[in-house]
Amino acid sequence: MKHQGSGLRTAALYVVATPLGNLGDISARALEVLRGAAAIACEDTRHTRRLLDHFGIRTETFSLHEHNEAAASERLLRLLREGRAVALVSDAGTPAVSDPGARAVAAVRAAGFDAIPVPGPNAAVAALSASGLADPHFLFYGFLPTKEAARRKALAELKPLPCALVFYEAPHRIEEAVADLAAVLEPGRTLVVARELTKLFESIVSLPLAEAPAWLAADADRRRGEFVLVVSAPPPAEGVSAEAARVLELLLAELPLKQAVKLAAEISGASKNALYDLALEKKKSQD
Ligand code: SAM
């Protein structure tokens, strides 16, 4: 493994997570990489310059965002071919997670170079860690569709999954997104609204989904800032585990009701009667 003078690997792309708000969250390794790299590919150079100035880092920057990712990747590859270490950052958090970067990383790896993660802040993981939800599994969805019909359809598909759901949402869409969560998902599921994480007005509130639209409407401050929404896993149906319900759901999409129930019972070991009741309930809610 070759290293350049700075202690960094040569001809490698470092994918560097940066703070969500609190600059103290930058890691010692992230600073070492940002300082030692030949250049930093940034989602927005002006935004990253403020971070670099704060830490007295003079490394050259160039922009790599959604609209120039192909051309900027070429520039990045040229640097790697010259044997340089390059860093990649987004405006906040982890690059390529609901942020640009994935295509550049793919191009780098396809060209035979290494992409090295420098892990750190991520809004979804920060929200989950302080949510208090004990569900063993979660699905990170990122941003829901912006149009109501598409959003509700996406939520209906997510509804039966036996895991907590994690969404990103912008302040101007928070009310409609929460209204749809409450309309489509089970009203008793817990919603955790994690707002302005690591910033001055950080707040993390848990409430039943059914109460969330009124809670948001009651105070404009609750709708300001950046949001992660975490919804607890669905309650297991009476006598049927979440896993068995999921198996049934999948089979019902392909088979007649009786056959789906029989197979689901065989696969999951759940009671045939309980599955039958659940299947009827699901059918009724679709009619
Ligand atoms: N790559 C970032 C990450 O690792 O979390 C996410 C970038 S995505 C474009 C921006 C979204 O992340 C925001 O709309 C919001 O949903 C969420 N987010 C970012 N910073 C946040 C914060 N401080 N508090 C709550 N949510 C945040």
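I began with D99: an N or O atom in its side chain is 2.8 Å from a nitrogen atom of the ligand. I count a polar contact as a pair of N or O atoms within 3.5 Å.

The model is predicted; I took local features only at pLDDT of at least 70 and side-chain atom pairs only at pLDDT 80 or more, while totals for chains, interfaces and linings use all residues. Residues are numbered from 1 along each chain as its sequence is written, and side-chain values use heavy atoms, with hydrogens and water left out.

An N or O atom of the V97 backbone lies 2.8 Å from a ligand nitrogen atom. For E169, a backbone N or O atom is 3.2 Å from an oxygen atom of the ligand.

I checked burial next. The ligand taken alone exposes 570 Å², and the protein buries 91% of that (Shrake-Rupley method, 1.4 Å probe).

Last, I looked up the largest nonpolar core, which has 24 residues; F167, L181, L191, L229 and V231 have the most contacts inside it. Such a core joins buried residues through side-chain atoms within 4.5 Å, buried being under 20% relative accessible area with a 1.4 Å probe, protein chains only. The largest share of this core, five residues, comes from α7.

Key. A polar contact is a pair of N or O atoms within 3.5 Å; within protein, one must be able to donate a hydrogen and the other to accept it, and residues adjacent in sequence count only if both atoms are side-chain atoms. Buried means under 20% relative accessible area, exposed over 50%, partly exposed in between (1.4 Å probe, protein chains only). Helices (H or I, at least four residues) and strands (E, at least two) are DSSP runs, numbered from the N terminus.
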